[in-house]
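Subject: Structure for you to look at

Hi there,

Here is the structure I promised to pass on.

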Amino acid sequence: MTLTTDIETDFHFRKPTKEDGAAVWELIKGTKVLDLNSSYSYIMWCEIFSETSIVAEREGKTVGFISGFINPNSPDSLFIWQVAVNASERGKGLATKMLRQLLHRTEEEVQYVEATVSPSNKPSQSLFKGLAKKLDTNCDISDYFTSNDFPDEGEEHEDELLFKIGPIKKENK
Ligand SMILES: CC(C)(COP(=O)(O)OP(=O)(O)OC[C@H]1O[C@@H](n2cnc3c(N)ncnc32)[C@H](O)[C@@H]1OP(=O)(O)O)[C@@H](O)C(=O)NCCC(=O)NCCS
């Protein structure tokens, strides 16, 4: 029985296709903390933004996903929309590994990683601060979307702070 995880061999990483959309929707739903968007949006995302997104599989099951895109307002920035790791696979470095794989893929154009994080999401804050540390660069945090920007859905939506990591040196990716 394997007691430790070898991230390189236990997980399979690849670009998503539209066939991944349904499993990604299930994964996001299972996190219970991420905003669950329509199934259409994940199918569309996996098909159109596959170059800047990634799925991780273990024994054929989708256990990790990141949706990213090149920010049209700052083309040297990879904007990370959602990151999800199945609860059973957390704390093994999987989210960090997926982010680094995306940085490898986009290394010619990308110098910054951007993501919004709500103040209560400590794992997400640790993920992005930890990434900055591993890349030996800065993590600047600023106001971005406030709770007032969101519609009234019964429960108040938290603020979303902008985490901007970089500049990232090519040799550190
Ligand atoms: C946030 C999430 C993606 C992290 O995935 P993960 O694979 O466990 O992350 P990693 O193992 O790569 O850990 C990255 C860093 O975060 C830290 N971390 C992970 N989970 C943590 C937790 N629950 N509390 C505090 N720190 C945590 C790790 O120790 C590591 O720190 P280090 O760089 O100093 O070593 C995962 O917890 C998740 O899917 N959560 C639900 C969805 C979510 O909140 N997504 C983020 C918002 S888009």
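Below is what turned up, starting with the salt bridges and ending with one of the strands.

Two points on how to read the notes. This is a predicted model, so local features need pLDDT of at least 70 and side-chain atom pairs count only at pLDDT 80 or more, while totals for chains, interfaces and linings use all residues. Residues are numbered from 1 along each chain as its sequence is written, and side-chain values use heavy atoms, with hydrogens and water left out.

**Salt bridges**

Searching the whole structure gives ten salt bridges (a side-chain nitrogen of Lys or Arg within 4 Å of a carboxyl oxygen of Asp or Glu). One of them joins the side chains of E8 and K97, at 2.5 Å from N to O. E8 belongs to helix α1 (residues 7-10) and K97 to helix α4 (residues 94-105), so this pair ties together parts that are 89 residues apart in sequence. Helices (H or I, at least four residues) and strands (E, at least two) are DSSP runs, numbered from the N terminus.

E51 and K15 form another salt bridge, with their closest N and O atoms 3.1 Å apart. This pair also links distant parts of the chain: E51 sits in the loop between α3 (39-48) and β2 (54-58), and K15 in the loop between β1 (12-14) and α2 (21-31), 36 residues apart. E51 is partly exposed at 48% relative accessibility, and K15 is partly exposed at 35%. Here buried means under 20% relative accessible area, exposed over 50%, and partly exposed in between (1.4 Å probe, protein chains only).

E19 and K18 make a salt bridge too, the closest N and O atoms being 3.1 Å apart. E19 is exposed, at 60%, whereas K18 is partly exposed, at 44%.

**Strand β2**

Five of the five residues of β2 are buried, so the strand is largely enclosed by the rest of the structure. I54, A56 and R58 lie on one side, with V55 and E57 on the other.

What does β2 pair with? Strands pair if DSSP finds at least two bridges between them. β1 and β2 pair in the antiparallel sense over three bridges, and A56 is the bridge partner of F13. Five bridges join β2 to β3 (residues 61-70), also antiparallel, with T62 as the partner of E57. β2 and β3 form a hairpin with two residues between them, and E59 in the turn has a positive phi of about 50 degrees.

Best wishes
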